[in-house]
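Thanks for asking me to look this one over. Here are my notes, point by point.

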Amino acid sequence: MKVFREVTVWEDNTLNHDYVLNDAGKVVAYRKASNPVWETFTKPLPFSRSYRKFKELKNEAPEFA
């Protein structure tokens, strides 16, 4: 699993979130910028990086894993 932080600069100051992707590239959890708790999905969901920028958080280990 890899953890990514969205670093996209939005025109309307939208908050970015953190995402946990499995080895298949599907999102299994996310964390809102305003909340330190990871929200998990019961089934991995497709994930698109289109029109967005991300930075990998190498030293971040989700608490649910």
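1. Where does asparagine 13 lie? Asparagine 13 is in the loop between strand 1 and strand 2, strands being DSSP runs of E with at least two residues, numbered from the N terminus. Its phi is positive, about 60 degrees, although asparagine 13 is not a glycine. With a relative accessible area of 65%, asparagine 13 is exposed (exposed is over 50%, buried under 20%, partly exposed in between; 1.4 Å probe, protein chains only).

2. A word on the basis: this is a predicted model, where local features need pLDDT of at least 70 and side-chain atom pairs count only at pLDDT 80 or more, while totals for chains, interfaces and linings use all residues. Residues are numbered from 1 along each chain as its sequence is written, and side-chain values use heavy atoms, leaving out hydrogens and water.

3. Tyrosine 51 also deserves a look: phi is near 65 degrees, a positive value in a residue other than glycine. Tyrosine 51 sits in the loop between strand 4 and strand 5 and is exposed, at 81% relative accessible area.

4. Five strands form an open, antiparallel sheet in the order 4-3-2-1-5 (two strands pair if DSSP finds at least two bridges between them). Strand 4 (39-45) and strand 5 (54-56) are at the edges with a single partner strand each, so one side of each has no neighbour in the sheet. Strand 1 (residues 2-6) and strand 2 (residues 18-21) pair over four bridges, and lysine 2 has leucine 21 as its bridge partner in strand 2.

5. Finally, valine 28 belongs to strand 3 (residues 27-31) and counts as buried at 14% relative accessibility. The C-alpha atoms of valine 28 and proline 44 are separated by 4.8 Å.
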